[in-house]
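Hello,

Here is the structure I promised to pass on. Have a look at it, and then read on for what I found.

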Amino acid sequence: MSDPLQPSLLAGFDLGSTLPGTPKTAEHLPVARVIIDSALPHLDRPFDYLVPAQLDATARPGVRVKVRFGGQELAGFLAERLEHGEQGVRLQPLGSVVSPEVVLTAPVLATARAVAERYAGTLWDVLRSAVPPRMARVEKEAGTADEAPDPATPETHPPAAAAGPADPRVAGQHADDAPTGDKRDAPHGVVSDGVDPRGLDALHGPLLAEYDGGAHFAAELAAGNSPRAVLSAVPNRPGHWPALLLEAALAANESGRGALIVVPDARDLARLCTLLDERIGTGNYVRLSAEDGQTPRYRNFLRAARGQARLVVGTRNAAFAPVKDLGLVIIWDDADTSHAEPRAPYHHAREVLLLRSGIENAAMLVAAPGRSAEAQRLIRSNWAVELRANRALLRAHAPRVIAASDEFEQNRDPLLHAARLPAAAWREAKLALERGPVLVQVARTGFMPALRCERCRTSARCTKCTGPLALDDARGAPSCGWCGLVAAGWSCAECGFMRLRAASIGADRTVEELGRAFPNVNVVAATGAKPLHHVPDAPALIVATPGAEPVAEHGYAAVLLLDGDRMMSREGLRTGEEVLNRWMGAAQLARGHVGAPGLPGGGTVVVAGDPSEPMRALVRFDPGAYADAELGERRALGLPPAVRTALVKGPAATADKFVEALGFGDDVRLHGPVLAGEGEHRWLLFYSYAQGPAVTRKLRTLRASFSAAKEPILAIRVDPDGIL
DNA sequence: AGCACGCCGACT
DNA sequence: GTCGGCGTGCTC
């Protein structure tokens with residue numbers, strides 16, 4: 001069909017052509033620069049084609065095309081139309097325009113290019129996550145590019161599990177209504193996930209103004225300027241963060257610009273969308289999430305691409321969403337690991353938005369319950385301002401935090417010991433259960449994978465390299481966490497016993513044990529596998545793994561953080577930061593110490609474990625200070641994110657040759673080679689932010705020439721997480 | 001992945 | 001002198 005030599009396509013197009021049988025080319029801008037779908041690094045550059053006259057109208061920049069390349073038909077995006085191609089190159093005709101829909105806008109392409117450059121990856125890899133696959137049927141559905149958003153046609157997501165009942169009164173409200181909304185619109189009796197009906201009045205107030213510099217930030221947004229800010233949200237305010245982010249987005253809308261909000265996962269997205277449905281109406285924003293399924297995802301993507309909404313919200317790939325006149329990008333909880341793309345080039349949504357805000361001259365807001373070291377770096381380098389919560393407000397909303405070092409207390413009562421419950425935690429929980437629900441955060445199984453001898457409790461180690469043995473679901477048998485050796489037929493080095501016991505205790509077992517420690521109390525589990533979004537304001541013990549904590553309507557009377565020591569014991573540069581973030585995530589769900597107007601007070605957080613810096617930061621409820629101290633320390637040690645890193649991995653000979661050929665001097669620290677799997681070598685590079693662009697450019701070009709020389713393609717990861 | 005082009009051996 | 005082996009490199 002796309003073969004230009006087919007007579008059906010040639011019919012009528014040989015008039016004025018240079019050769020008989022050659023189709024006539026477009027008169028104006030006859031050259032199309034095309035980005036082709038190729039996994040090969042040395043082909044990661046645009047190629048030019050001639051636009052046949054018959055494709056002139058549809059071959060616009062940003063459309064999907066098919067082109068002949070080498071011997072095969074390849075998919076591609078038309079990047080731009082030009083008057084001339086490169087000198088001395090015989091151009092082939094464009095194969096076909098797959099769809100007239102413009103799915104790759106110029107700023108998104110520029111962002112994707114910057115991301116590919118920043119992560120030393122190929123442009124096509126980035127575009128694959130930036131532009132969802134085409135679903136042809138969706139394009140034919142009702143609704144044209146010029147049609148106004150129609151709230152009566154819910155072209156959006158399937159009903160989210162957590163979504164509350166829709167309020168018909170808000171349908172038809174438009175995004176460009178006053179950003180503060182109308183107090184009379186507060187729906188009474190509508191209880192939705194994370195939104196306290198009694199607190200809704202507060203949602204309509206200027207929430208940003210509660211942060212130092214927040215009012216100014218909002219005013220700048222509304223005035224059409226592009227300020228940049230980092231913010232740690234005030235805890236214990238059900239529905240606070242979605243309302244806060246919406247307020248910023250609406251301020252940007254007020255200046256006539258679009259806004260984009262990226263959240264870590266479907267659960268957070270459901271919370272945000274519930275609020276958006278109530279406040280601006282389902283038809284007035286676009287939701288983008290890979291979890292919605294391909295067809296709804298493409299349908300929503302098209303609405304954004306056609307400019308039918310000025311607010312786009314979604315998970316990490318939404319960072320590339322086409323938003324007309326983008327004025328503000330927001331990332332919520334940038335420390336959440338879900339923001340990192342698991343496929344090449346492993347880009348992080350925060351970095352994508354950072355690059356994009358620069359390219360589109362858009363404002364940026366990095367908001368989180370805690371504070372990542374990267375966000376702190378933005379403050380330290382004066383790239384962004386810190387919006388600090390009003391201290392009185394923070395004091396009222398922050399819970400009382402008790403650090404319980406459990407060493408001596410723990411062993412007294414066998415029931416508490418079994419439940420890993422320090423006496424102080426038990427006492428607080430007992431008291432709190434008279435006032436409301438109590439959250440118990442336990443570490444995820446994967447977080448404490450150590451195995452021990454079932455008889456003598458000696459930790460199980462690899463016989464070859466003494467690395468820790470771990471039970472891997474995929475393999476079934478225990479294997480070494482360092483060298484990967486499968487330890488079949490293990491026996492204890494200390495006592496010879498042959499059975500292992502998992503040192504990890506899953507949420508389900510904790511439920512059992514807590515049930516015994518708290519007779520007559522309702523104990524339920526909330527984990528990733530068994531999610532629970534919302535719990536009523538009634539006495540109960542809620543056992544949850546980090547990230548899966550349900551929201552309590554009026555906050556938890558107490559929050560117990562039990563597995564601190566186990567979580568802290570994991571090796572890794574970011575362990576402290578991750579643990580604090582997990583604690584903050586749970587602690588922010590506790591009631592405030594004093595209690596804000598309309599909200600009960602008396603919230604307590606008990607954190608069990610040995611004293612540590614993250615624990616001190618939690619007690620002070622100051623994640624910013626902790627991140628700042630961490631960043632200072634990393635700078636002194638020359639470790640990320642104070643510096644940037646890159647990982648090169650592949651067959652030993654190629655990897656070594658590659659690193660040597662990079663030819664970096666003393667300004668790039670080289671570590672390696674480390675044996676990484678079967679015959680593979682891994683190298684680590686450390687370099688400054690200033691050198692970042694030069695280093696990644698070199699990595700890309702060298703990888704391209706290695707690829708052209710038919711060397712095996714190396715894995716390159718820039719700023720990899722979880723390696724150090 | 002395909003296809004051109006090139007260098008060298010075999011056959012007319 | 002010409003045909004065709006397949007090895008190397010390019011693909012708009």
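Strand S2 (residues 47-50) and S5 run parallel and are joined by 2 bridges. Helices and strands here are DSSP runs numbered from the N terminus, where a helix is H or I with at least four residues and a strand is E with at least two. Two strands are taken to pair if DSSP finds at least two bridges between them. One residue pair to look at is Leu 50, whose bridge partner in S5 is Pro 93.

Before going further, some housekeeping. This is a predicted model, in which local features need pLDDT of at least 70 and side-chain atom pairs count only at pLDDT 80 or more, while totals for chains, interfaces and linings use all residues. Residues are numbered from 1 along each chain as its sequence is written, chains are lettered from A and ligands numbered from 1 in the order in which they are written, and side-chain values use heavy atoms, with hydrogens and water left out.

Back to the sheet. S2 and S5 belong to an open sheet of 6 strands with mixed pairing, in the order S5-S2-S1-S4-S3-S6. Its edges are strand S5 (92-93) and strand S6 (96-99), each of which pairs on one side only. Strand S3 (residues 64-69) and strand S4 (residues 72-82) run antiparallel, with 6 bridges between them, and Val 65 stands opposite Gly 76 in S4. The hairpin of S3 and S4 has 2 residues between the strands, and Gly 70 in this hairpin takes a positive phi near 60 degrees. S3 is also joined to S6 by 3 bridges, and these two run antiparallel; here Lys 66 stands opposite Ser 96 in S6.

Which residues come nearest to DNA strand C? Of the 14 residues around DNA strand C, they are Leu 43, Asp 48, Gly 70, Leu 91 and Gln 92 (a residue is near a molecule or strand if one of its heavy atoms lies within 4 Å of it). Sugar and phosphate make up 40% of the atoms of DNA strand C that come within 4 Å of the protein. S2 and S3 each supply at least two residues of the surface near DNA strand C, and S2 gives the largest share, 3 residues. A polar backbone atom of Asp 48 is 2.3 Å from a sugar or linking oxygen of DNA strand C. For Gln 92, a polar backbone atom is 2.8 Å from a sugar or linking oxygen of DNA strand C.

On to the arginines. Arg 350 is in helix H10 (residues 349-359). Is Arg 350 buried or exposed? Arg 350 counts as buried because its relative accessibility is 5%, and buried means under 20% relative accessible area, exposed over 50% and partly exposed in between (1.4 Å probe, protein chains only). The side chain of Arg 350 makes a polar contact of 2.9 Å with the side chain of Glu 351. A polar contact is a pair of N or O atoms within 3.5 Å; within protein, one must be able to donate a hydrogen and the other to accept it, and residues adjacent in sequence count only if both atoms are side-chain atoms. Not counting residues up to four places away in sequence, Arg 350 touches Ile 331, Asp 334, Met 364, Ser 372 and Glu 374 (contact means heavy atoms within 4.5 Å).

Arg 343 sits in the loop between strand S12 (326-332) and H10. Arg 343 is partly exposed, with a relative accessible area of 40%. Leaving aside neighbours within four places in sequence, Arg 343 is in contact with Arg 128 and Ser 129. Arg 343 and Val 126 are 217 residues apart in sequence, yet 9.3 Å apart in space, C-alpha to C-alpha.

Arg 228 lies over the face of Trp 383, 4.3 Å from the ring centre, and the charged end of Arg 669 sits over the ring of Phe 686, 4.6 Å from its centre. The rule is that NZ of Lys or CZ of Arg is within 6 Å of the ring centre and within 35 degrees of the ring normal.

Best wishes
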